[in-house]
Amino acid sequence: NAYTPTLALDTSKLNASVNNSQYGSRRGSELANRQAGVGMHIVADDSHPGAAARVLLMALAPWSPLQGQAQIGDIIVAIDGVKADTLSFEKISQLILGPVSSPITISFVRPTAYPLKEWDVTVDRVFPSDVSTAPSP
């Protein structure tokens, strides 16, 4: 039996959009300083004794800007040019977070592809409540 990871999301936050003017300038600046990510769940894979732990992509949120560019099982090899094998899992998690709308480049390798090939994906960090799931007009 193959293991299939599942992702539980609080979808009530996916339909909200933030309009800073409705909160006033103080609240708007608090929202602008939030930490955002890219809608992925990662895990450390330390199953290879003597080797650096690998960080695997385990799930993508439906709103993730990585949809169609990365998939479950891909290995993160760098964040903004910093090689992941030199970093702790905690540091990698910290590097993924940043200000809303700030760009991040994540380098991946797909272990099931042959030959192995690294690729970069550059996306803007998002905050779930800023993502509208409504179709574009």
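A salt bridge, as I use the term today, is a side-chain nitrogen of Lys or Arg within 4 Å of a carboxyl oxygen of Asp or Glu. By that criterion, the structure before you holds 4 salt bridges.

Before I discuss them, a word on the source. This is a predicted model, in which local features need pLDDT of at least 70 and side-chain atom pairs count only at pLDDT 80 or more, while totals for chains, interfaces and linings use all residues. Residues are numbered from 1 along each chain as its sequence is written, and side-chain values use heavy atoms, with hydrogens and water left out.

I begin with the strands. Helices (H or I, at least four residues) and strands (E, at least two) are DSSP runs, numbered from the N terminus. Two strands pair if DSSP finds at least two bridges between them. Strand β3 has β2 as an antiparallel partner, joined to it by 6 bridges, and here V43 stands opposite L56 of β3. β3 also pairs with β4, again in the antiparallel sense, over 2 bridges; V55 stands opposite I76 in β4. Of the 7 residues in β3, 6 are buried, and the strand is thus mostly covered. Buried means under 20% relative accessible area, exposed means over 50%, and partly exposed lies in between, with a 1.4 Å probe and protein chains only.

Let me turn to the core. A nonpolar core is a set of buried Ala, Val, Leu, Ile, Met, Phe, Trp, Tyr and Cys residues joined through side-chain atoms within 4.5 Å. In soluble globular proteins, nonpolar side chains tend to be buried together. The largest such core here has 19 residues, and those that touch the most other members are V38, M40, L66, I76, I96, I106 and F108. At least two core residues come from each of β2 (40-45), β3 (54-60), β4 (75-79), α2 (89-96), β7 (103-109) and β8 (118-124).

What does M40 touch, not counting residues up to four places away in sequence? With contact taken as heavy atoms within 4.5 Å, the partners of M40 are L57, A59, L60, L66, I76, I96 and I106.

S64 lies in the loop between β3 and β4. Is S64 buried or exposed? S64 counts as buried, because its relative accessibility is 5%. Its side chain reaches the backbone oxygen of V38 at 2.5 Å. Leaving aside residues up to four places away in sequence, S64 touches V38 and G39.

I return now to the charged pairs. Side chains of opposite charge can pair when their charged atoms come close. One of the salt bridges joins D45 and R54, at 2.6 Å from N to O. D45 is buried, at 13% relative accessible area, whereas R54 is partly exposed, at 28%.

A second pair is R125 with D80, at 4.0 Å, N to O. R125 is buried, with a relative accessible area of 6%, while D80 is partly exposed, at 42%.

Finally, K83 and E118 meet at 3.8 Å, N to O. Because K83 lies in strand β5 and E118 in strand β8, the pair connects parts that are 35 residues apart in sequence. K83 is partly exposed, at 42%, and E118 is partly exposed, at 43%.

Definitions and conventions
A polar contact is a pair of N or O atoms within 3.5 Å; within protein, one must be able to donate a hydrogen and the other to accept it, and residues adjacent in sequence count only if both atoms are side-chain atoms.
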